[in-house]
Every structure is written in structure tokens, then in C-alpha cells.
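Good morning, everyone. Please put the structure up on the screen, and we will walk through it together.

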Amino acid sequence: MKKQVWFWLLIWLFPQVIQAQEIQITATVNPNPVAVGEQFIYQVEVSGSVQNLPEVELPNLDQFALLGGPNVSSSFRIINFNMQASKTYTLYLAARQEGTYQIAPATARYKGKTYRSNSVTLKVVKASQKPATTNQGRGRQQGSRSNDLSKWIFLKVIPSKKKVYQNEQVTLTYKFYYRLNIQNYSIEKMPEAAGCWVEDYPMPKRLRVRNEVVNGIQYNVAEMKKIAVFPSRTGRVKISPLEMMVEAVVRRRSARDPFDMFDDFFDNPFGQVVRKLVSSGPVVIEVLPPPEQGKPANFNGLVGDFKIISSLDRNETKTNEALSYKVKIMGNGLLKFLNALPVDFPSDFEVYEPKIKERTSKKGELISSEKEFEYVLIPRVPGEFKIGALELPYFNPRDRSYHLLKVPAYTVSVARGKEIAGLGGAVLSKEE
């Protein structure tokens, strides 16, 4: 009697066990740990004894650079007359910076139930810190080592200064160093500088390549990008890295000399194409406020080395006839935030908002700017009037001192002119 009870109990439980295990999801990464910029594979496999496997929702992987995928493959097999199906999602990724990352589970819904994979912990280290692989097989070891191309290709940022004054220019030059055949490249992420004004230098359509020796090794060097950064706040300013995806042609290392002899290693153009994400690394700039000693009371933050010229189209005119008053500032530095000038105009002059012309030149090491303000002035009553002198202070970081841009005063003699018809000598307002 007991045997019969156990028999029927097992018959009842067996379908429940099968149903509970209908769907299984497993997530893996390989290799682990991985070096910064090195390709790794993230795979999710969903399997079960069902005909139509559900679609898998992959976790958020935005912290990594996507090199390829997701690629989806399916397989079927029969074990003891039971069908087993599986579907595998494969993504090729690269880490942008070192650290320990927790990849959330992948999920799938089947018959109203949500199935989850395991979470995965990935450790990302510097390229030089990655331990030697312990995979079995000599071919695997050599293939893994050949993917570590940090000795052969890298990106470097060179700042003109690391300590500047507020609104002073810092020039960042991004150089790509390589010692092997580069098949293709693309810029994945541009540098960002919060709290700064950034100007891009124009780059030639065809990159210029030259030779440079680094630590006794000769590299081909191409200047990939050049920017001018003007920090608008004081303190430590961090500029994020430039990131590039590079496709390099790599041939398997010779057993005779696995680390040296560049010609023996990479001289075969018909090799494996390896994709690698290279990063320049961040730059931290210390930004100082302009010194308090000697600072003029009307200093408005203008930093650079400037000159100023002015003109008035004539000194004698008549009422209701327009005058043109121009002020032009030029030199090395940023003038974009200078939108008005403290000019003292006669109260009996109608003064219109200035017409502003601006030009920027990026040919030299320092960006040069030119800004012209043209004011239209209309005297409404006759008499002798004076346009006040203008003083505009700026700070020059070269000699670490303040200077004054000076515009002389102008005297204007206004005679009575023709009255505007229909107004009987009344004075027009600017709006009218």
C-alpha cells in the first residue's frame, strides 16, 4: 500500500518539477577579470523543454562600450526522447574604466511568469595589471595575449598647462600612438568639460603622421583632435577622456619571441582584425581666481592680451541725423561673453542697441578673437556734446597683472537740422 502511495505521489510531482524547470537563464562573462579597453564577451543563454523559447530582456550595459551584437543563435537537441532547446545572446563589450561592476540579471517572461538569470560580477583592471591567462591550450594563451594591444596602440592627451587662471585658455592635444597596421578607427566619445567654454580647432581632412620615440620605442603618431578650454569657474576642473574604437590587424605572436621584434610580430597584413577601445584618460586642471591685488573695481572677468581701437564717423552733425560710433577689441583670449560696453553717451542722444560683429581665429597656439560694437546715435537737440572716455580692464596671465583698454572721449557739435514732417519740432523717442 505504501509503495502505491509513493508511486502516485511521484507521478503527481514529476510534471510539477518539469514545469518548474521549463525555463532556465544563465549569464556569463569571459574573460574575467578584463583590462580597460579590452574586448570581453557577455552571454545569456535561455534554455528549456519548450518549443518556442521566450525573448530575453538584457540588462542595462551602458557603462560599457558596445563593440558588436547582440548576436542570437539557437540550437535543439534530444536527450532520452526529450527535446531541449536553447537560445544564446552574445554581446562584445569593452570597459571604459577600471573598477568592479555588478551586471544585473537578464529576464524573460513565459506563461505569465518572470524568469531571471544570475547576476555577474566583472572586475576591470588596468592593462598592465591583468594577470596571465590560465586557459588550457597554448593557442588560447597566445590569442588572449594578442588582444592586449596597450603596448602597440594607445591614446594620449597633452595639456598646454595644468594650472591656469579663470577664463584663461588651456589647449588639449589628443595624439594616437600606434606600431601596427590600423584598418579603421572611429571617435566614440568626445571630451566634455563642465563649467568651461570649449572651442574646437579645425583638423585636416587627412591626418598627418609623424614618428615619435616613447621610452626608447618608435611609434607612428597622428594628432586626432585639438581643443581650447576656457574654465569659467575656479577650483579643480575635470575634462572627460576622448575615446576611440580602433580596428587593428594582428598576427599571432611567434613562439620564438612573444614580446619583442615588432617586425616579426606584425609585418603580416593578413592577420586577425582586433577591435579595441582606447581612451586618453581624464585631465584635471587647477583653476585659480584672478589675483585680488591690483584688481580694478570694474573688472568684469576679461582675461587675455588685447588691444582696442575706436572711431566716430564725424564730429559735426545736425539734429535727427545718425552718427556711427564703433569700438573694436582684438587679441588673444575669449570675447564671447563681452556683450556690452560701459560707454557714457549724452542723455540728449538716442542710442540704439549695438550691432556686434565677432570673428575668431584658430590658426595659432592661442585662439585670437575680434569683436566690434557699432552704435547708432541720433542727436535730438542742438549743442556741444561729449561721448565719454571708455576704460575696459583685463587681466593678462602672461605677466600676471591688470591692464586698461582706453578709448578717448569724443566731442560732437550738433547744429539744428530739418524737423521731421508732421511733428512740429517734437522729439521722437527711440521706439517711435
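Let me start with rings. Tyr165, Phe299, Phe395 and Tyr402 form one aromatic cluster. Rings of Phe, Tyr and Trp (its six-membered ring) pair if their centres lie within 6.5 Å; planes under 30 degrees apart count as stacked, over 60 as edge-to-face, and the rest as tilted.

A word on the source. This is a predicted model, where local features need pLDDT of at least 70 and side-chain atom pairs count only at pLDDT 80 or more, while totals for chains, interfaces and linings use all residues. Residues are numbered from 1 along each chain as its sequence is written, and side-chain values use heavy atoms, with hydrogens and water left out.

Back to the rings. How many aromatic pairs does the structure hold? There are 16. Take phenylalanine 154 and tyrosine 219: their ring centres are 5.2 Å apart and their planes stand at 75°, so this pair is edge-to-face. Phenylalanine 154 lies in strand 11 (residues 153–159) and tyrosine 219 in strand 17 (residues 217–231), so the pair ties together parts that are 65 residues apart in sequence. A note on strands and helices: both are DSSP runs, numbered from the N terminus, with helices (H or I) of at least four residues and strands (E) of at least two.

Is tyrosine 219 buried or exposed? Tyrosine 219 has 6% relative accessibility, so it counts as buried. Phenylalanine 154 is partly exposed, at 22%. The cut-offs are these: buried means under 20% relative accessible area, exposed means over 50%, and partly exposed is in between (1.4 Å probe, protein chains only).

Tyrosine 219 also has a charge over its ring. The charged end of arginine 179 sits there, 5.7 Å from the ring centre. Lysine 226 does this over the ring of tyrosine 201, with its charged end 4.7 Å from the centre. To count, NZ of Lys or CZ of Arg must be within 6 Å of the ring centre and within 35 degrees of the ring normal.

Now the whole chain. It has 3 helices and 31 strands. Of its 432 residues, 40% are buried. Contact means heavy atoms within 4.5 Å. Among contacts with a separation of 6 or more, 73% are between residues 24 or more positions apart.

Next, sheets. Strands of a sheet pair through backbone hydrogen bonds, either parallel or antiparallel. Here, two strands pair if DSSP finds at least two bridges between them. Look at the open sheet of 3 strands, in the order 23-31-28, with mixed pairing. Which strands stand at the edges? Strand 23 (316–318) and strand 28 (383–387) do; each has a single partner strand, so one side of each is left without a neighbour in the sheet. On average, neighbouring strands of this sheet are turned by 30° against each other, direction ignored. For such angles, axes are lines fitted to C-alpha atoms (for helices over the stretch in contact), and angles run from 0 to 180 degrees between N-to-C directions.

Strand 28 pairs with strand 31 (residues 410–415) in the antiparallel sense, over 5 bridges. There, lysine 386 has threonine 411 in strand 31 as its bridge partner.

Another antiparallel pair is strand 26 (residues 355–361) with strand 27 (residues 368–379), over 7 bridges. A hairpin of 6 residues joins them. Serine 361 has serine 368 in strand 27 as its bridge partner.

On to the loops. Where is serine 240? Serine 240 is in the loop between strand 18 (235–239) and strand 19 (243–250). Its relative accessibility is 18%, so serine 240 counts as buried. Its side chain reaches the backbone nitrogen of glutamate 192 at 2.7 Å. Leaving out residues up to four places away in sequence, serine 240 touches Tyr174, Met190, Pro191, Glu192 and Pro282.

Now the loop between strand 1 (23–30) and strand 2 (34–35), where we find proline 31. Its peptide bond from asparagine 30 is cis, with omega near -5°. Proline 33 lies in that loop too. A cis peptide bond joins asparagine 32 to proline 33, with omega about 10°.

Last, lysine 111, in the loop between strand 8 (107–110) and strand 9 (113–116). Lysine 111 is not a glycine, yet its phi is positive, at about 55°. At 65% relative accessibility, lysine 111 counts as exposed.

Thank you.

Methods:
A polar contact is a pair of N or O atoms within 3.5 Å; within protein, one must be able to donate a hydrogen and the other to accept it, and residues adjacent in sequence count only if both atoms are side-chain atoms.
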